[in-house]
Amino acid sequence: MRGEPLLALRVWVTAVLSVELNPFRQFILRYNCSKCPGYCCSYPLIALTKKDVQRLADHFGLSFKEARKKYTKVDPEEPYAMRRKADEHFGRICQFFDTEARRCGIYSARPTICRQYPGSPTCGYYSFLKHERDSQEDATHVATTWNR
Ligand code: SF4
Ligand code: SF4
């Protein structure tokens, strides 16, 4: 029993590293963020580390305190949670999401969690999106949720 969580952690770390560091990454991945309306950026809780807040501060030329106040909110579960804004497809979405281009607006300064997601060769939302687009024969269809 005690070995199970460790084994699960090892499998997860191996999966993440093998995808992130693999030089053939683009051939392994079963999703394409450039064809996606950005579902993962609409998660109700996008947790930031202290280092993530500092990265935002550096990116925008602010102090840590200013960046924390401007871009994060306190969540019952996390000390630094991303502020969000309205979105036509998902209800609400990360404040830094470019809702016209449907992509991250601060890519080089994005938080750790965004760099790691989804951490496997597949993305559940993208599989769902692709299935919906194929079945509706509409390559631009946006499969929606309402993450308020
Ligand atoms: S939901 Fe999946 S495919 Fe869409 S942007 Fe996020 S990681 Fe990429
Ligand atoms: S920082 Fe960028 S990648 Fe991360 S949730 Fe916001 S828009 Fe998405």
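Trainee: Which residues of α3 are buried?
Mentor: The model is a predicted one. A residue is buried if 20 or more other C-beta atoms lie within 10 Å of its own. In α3, the residues that are buried are Asp52, Val53 and Leu56.

Trainee: Why do the buried residues of α3 line one face of the helix?
Mentor: Look down the axis of α3 and consider where its buried residues point. They line one face because they fall within an arc of 100 degrees.

Trainee: What covers the buried residues of α3?
Mentor: The buried residues in question are Asp52, Val53 and Leu56. Their cover includes α4, β1 (72-73) and α5 (112-116).

Trainee: Which residues have the most contacts inside the largest nonpolar core?
Mentor: This core has 15 residues. At least two of its residues come from each of α3 (50-60), α4 (64-71) and β4 (91-94). Those with the most contacts inside the core are Val53, Ile93, Cys94 and Phe97.

Trainee: Leaving aside its neighbours within four places in sequence, which residues is Phe97 in contact with?
Mentor: Contact requires C-beta atoms within 7 Å. With the neighbours within four places left out, the contacts of Phe97 are Gly38, Cys41, Cys104 and Gly105.

Notes: Residues are numbered from 1 along each chain as its sequence is written. Chains are lettered from A and ligands numbered from 1 in the order in which they are written. This is a predicted model: local features need pLDDT of at least 70, side-chain atom pairs count only at pLDDT 80 or more; totals for chains, interfaces and linings use all residues. A nonpolar core is a set of buried Ala, Val, Leu, Ile, Met, Phe, Trp, Tyr and Cys residues joined through C-beta atoms within 7 Å. A residue is buried if 20 or more other C-beta atoms lie within 10 Å of its own, exposed if 12 or fewer, and partly exposed in between; C-beta atoms are placed from the backbone. Helices (H or I, at least four residues) and strands (E, at least two) are DSSP runs, numbered from the N terminus. Two residues are in contact if their C-beta atoms, placed from the backbone, lie within 7 Å. The arc is that of the directions from the helix axis to the C-beta atoms.
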